[in-house]
Amino acid sequence: MATVEFSNKDDVRKAISKYDHHEYRGREIFVRQDYPPPGDKKKEASQSGSSERFSRSSTYAERSDRFSKRAPQSRERFQPSAPKPGTEIFVGNLPFSINWQALKDLMRKAGEVVRADVRTDNWGKSRGFGTVVFSTEEEAARAVEEFQGFEIEGRKLDTRPGRVYSQERNSSSDIVSSNTNENPEATHENTEFTENVTGDGEKSNTIFASNLPWVTNVDDLYELFETIGRVTKAEIQYNEAGKPSGNAVIQFELEELAELAIANLDNYNYGGRDLKISYANKL
């Protein structure tokens, strides 16, 4: 496994297109877009609009003096005020065809939607999850209840209360997304998807990741594992105290993607920690 850093996104696209599944010295290689681990995400300059990204982790060579710059955006960021507590919900397992407008139209059945956001990658493709802000806490709670398990285009939605808000620009529209850093004092309960799940299970489309950095969150999981392929669901597993356990459960669209993730990310150094990746085992 290795990483290559280009000076612009066009070269990244060309490299992926040319070398993904390319045979090199008798082995088929796969090439995906890489993402920085938690705590090493790109910083935005407050005045120039440029950004700098330094080395991802200790698996990179010593090159802290290297960085790439992005051209200033052509228009100013849209930064509305933070939503009222309890009015934002998270929506996972979205069909990749659903954009923020379609999500907003769907969620109007539960109440007045202030804003909807579908998270996208650098090419504008949906990452399969997003957030919706309602005008009241009651409407948000109603949406979580009514749309949990709601089937659309063959997928069952996963809805739950949203996380802490930040003014982070989403590249697909003039809307903002939820913060990737949760309140450190908050506690959580495991869902049916993560409850009593361990590793070393039978072959399937779902993997168990352990030894993750404590600050890892859902957005980080999608960013990391979608370097392998489409992720349909990803959740942090919590300990008895309701705190992150350093484990997570990730479900891929295809079984072969789970196999590829194990082959390429087991023992991968992520945020200074060597990941342990295996098939999920539901006890």
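A charge is said to sit over a ring if NZ of Lys or CZ of Arg is within 6 Å of the ring centre and within 35 degrees of the ring normal. In this predicted model, local features need pLDDT of at least 70, side-chain atom pairs count only at pLDDT 80 or more, and totals for chains, interfaces and linings use all residues. Residues are numbered from 1 along each chain as its sequence is written, and side-chain values use heavy atoms, with hydrogens and water left out.

Two arginines meet the criterion for a charge over a ring. The charged end of R230 sits over the ring of F96, at 4.1 Å from the ring centre. For R273, the charged end sits over the ring of W214, 5.1 Å from its centre.

Contacts between rings were examined next. Rings of Phe, Tyr and Trp (its six-membered ring) pair if their centres lie within 6.5 Å; planes under 30 degrees apart count as stacked, over 60 as edge-to-face and the rest as tilted. The structure contains four aromatic pairs. Because the planes of F147 and F150 lie at 70 degrees, with the ring centres 5.3 Å apart, this pair is edge-to-face. F147 is buried (under 20% relative accessible area; exposed is over 50%, partly exposed in between, with a 1.4 Å probe and protein chains only), its relative accessible area being 3%. F150 is partly exposed, at 28% relative accessibility.

F225 and F252 also form an edge-to-face pair, with 6.4 Å from centre to centre and 80 degrees between the planes. Both F225 and F252 are buried.
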